[in-house]
Each structure stands twice: as structure tokens, then as C-alpha cells.
Amino acid sequence: MSENLSHLDLRILQQIQRDSSLSTSELSEKVGISQSPCWRRLQRLRDEGYVRKQVALVDRSKFGQSFFIYATLKIGTLTDAQRADFTRKVEITPEILECYSIIGERDVMMKIIAPSMDWYQNFIFKTLMKMPGVVDVQSIIAVAEMKYTTEIPVSGTRAL
């Protein structure tokens with residue numbers, strides 16, 4: 001799909017990943033084209049699904065101490081209805097920031113934000129272990145953040 005994108009399209013995507021609050025005027029200046037063509041390109045990128053949504057990244061430290069915990073879950077055999085219920089419970093639990101189906105000895109990996117270890121211990125027993133099919137939870141606690149970005153590399157822009 002990305003082979004249909006021009007170098008200018010890739011530069012636009014790179015810039016809006018860094019700062020989606022840029023005005024069309026500021027964006028056009030950064031990528032080196034006039035405002036109207038920049039706006040049209042940005043609209044096309046949105047229409048074609050290259051830009052799913054634009055959000056504000058909130059500084060979690062402003063809300064007090066918190067930890068990122070990566071939980072891997074072992075899941076037993078689920079019916080289609082149980083799988084749908086599991087997915088629904090994941091979606092409605094705000095502390096689960098990300099959730100992936102994985103391959104290996106574990107079946108699911110979650111990124112969870114926790115205010116304390118006591119809170120997380122309760123979360124394991126009151127939330128995770130009560131989800132359909134969950135038979136075991138293993139956790140990894142992140143003690144320091146070494147890199148954080150939401151920006152994905154878009155081909156052809158590494159040297160920009």
C-alpha cells in the first residue's frame with residue numbers, strides 16, 4: 001500500500017506523527033509545498049486510511065505515580081461467544097492500554113497501567129483471572145522508560 005505514496009506524502013505522515021496540531025500552513029512549510037496541495041494530500045491520506053485518528057498524548061506523570069506492567073496470559077479453549085466476551089472485557093477495561101494475541105507458550109499479552117503494586121495484585125484476581133478462559137497470568141514490571149514513541153517509521157523518510 002505504501003508504494004502508492006509519494007515522497008511528499010511520506011513527509012506529511014512523518015510530520016503529523018510528530019505534531020498533529022500543526023496547521024496546514026505550518027505543515028506545508030515543513031514539507032516544502034504550498035498550503036492548498038498540502039491540505040489536499042492530507043485529506044487524501046485521511047480518506048485512504050493512512051491516518052486513523054489524531055489524539056493528544058497526555059503526560060501520565062501529572063496524574064501521580066504509575067507503572068506499566070506487561071501481563072502475559074495463558075488462555076484455555078474458548079467458544080466463539082467466550083472469545084467475544086473476553087475481547088469485550090478487554091475493550092471496556094481502561095487500565096488495559098494494549099492487548100495482543102501472541103504465539104508461543106502464552107496466548108495474550110497486555111500493557112496495563114497500574115498506580116501501585118497493591119492495586120495490580122487486586123487487578124489480577126478481580127479482573128484478569130475472572131476473564132473467560134484465563135488460567136494463568138505472568139507479569140513483567142517496567143521500572144524505567146528508556147524510549148517511548150507513537151511514531152512509526154514510514155519508508156523513505158529515515159534520512160529526513
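1. At 5% relative accessibility, Q14 counts as buried, the cut-off for that class being under 20%. The model is a predicted one, and the remarks below should be read with that in mind. Q14 lies in helix α1. K111 stands 97 residues from Q14 in sequence, and the C-alpha atoms of Q14 and K111 are 25 Å apart in space.

2. Helix α1 runs over residues 7-18, which gives 12 residues. From the first C-alpha of α1 to the last is 17 Å, close to the 16 Å expected at 1.5 Å a residue. The buried residues of α1 are D9, L10, R11, I12, L13, Q14, Q15 and I16. The list includes Q14, discussed above, along with D9 and R11. What covers these buried residues includes α2 and α3.

3. How are α1 and α3 placed against each other? The two helices pack at an angle of about 80 degrees, and their axes are 10 Å apart. An angle from 65 to 115 degrees counts as roughly perpendicular, and α1 is therefore roughly perpendicular to α3. On the α1 side the contact is made by L8, D9, I12, L13 and I16, and on the α3 side by C38, R41, L42, R44 and L45. By class, the residues of this contact divide into seven nonpolar, no polar and three charged. Of the α1 residues in the contact, D9, I12, L13 and I16 are also listed as buried. On the spacing of such positions, an α-helix has 3.6 residues a turn, so residues three or four places apart point the same way.

4. The contact of α2 with α3 contains five nonpolar residues, four polar and no charged.

5. Q35 deserves a separate entry. Q35 lies in helix α3 and is partly exposed, with a relative accessible area of 43%.

6. On the cysteines: the count of disulfides comes to zero, a pair of cysteine sulfur atoms within 2.5 Å being required. C38 is buried, with a relative accessible area of 0%. C99, at 31% relative accessibility, counts as partly exposed.

7. V58 is placed in the loop between α3 and β1 (67-75). Is V58 buried or exposed? V58 is exposed, because its relative accessible area is 62% and the class begins over 50%. R88 is 30 residues from V58 along the chain, and their C-alpha atoms are separated by 25 Å.

8. I75 has its place in strand β1. With 15% relative accessibility, I75 counts as buried. Not counting residues up to four places away in sequence, I75 touches F86, D107, V108, P132, G133, V134 and V135. D118 is 43 residues from I75 in sequence, and the C-alpha atoms of I75 and D118 are 24 Å apart.

9. T93 is found in the loop between α4 (80-92) and β2 (96-101). Although in a loop, T93 is buried, with a relative accessible area of 12%. What does T93 contact, leaving aside its neighbours within four places in sequence? The partners are F123, T127 and M131.

Definitions and conventions
Residues numbered from 1 in each chain as written. Predicted model: local features only at pLDDT ≥ 70, side-chain atom pairs only at ≥ 80, totals over all residues. Heavy atoms only, no water. Nonpolar A, V, L, I, M, F, W, Y, C, P; charged D, E, K, R; others polar. Helix = DSSP H or I, 4+ residues; strand = E, 2+ residues; numbered from the N terminus. Expected span 1.5 Å × (residues − 1). Buried < 20%, exposed > 50% of the residue type's maximum accessible area, 1.4 Å probe, protein only. Contact = heavy atoms within 4.5 Å. Axes fitted to C-alpha atoms, helices over the stretch in contact; angles between N-to-C directions. Parallel < 35°, antiparallel > 145°, perpendicular 65-115°, else oblique.
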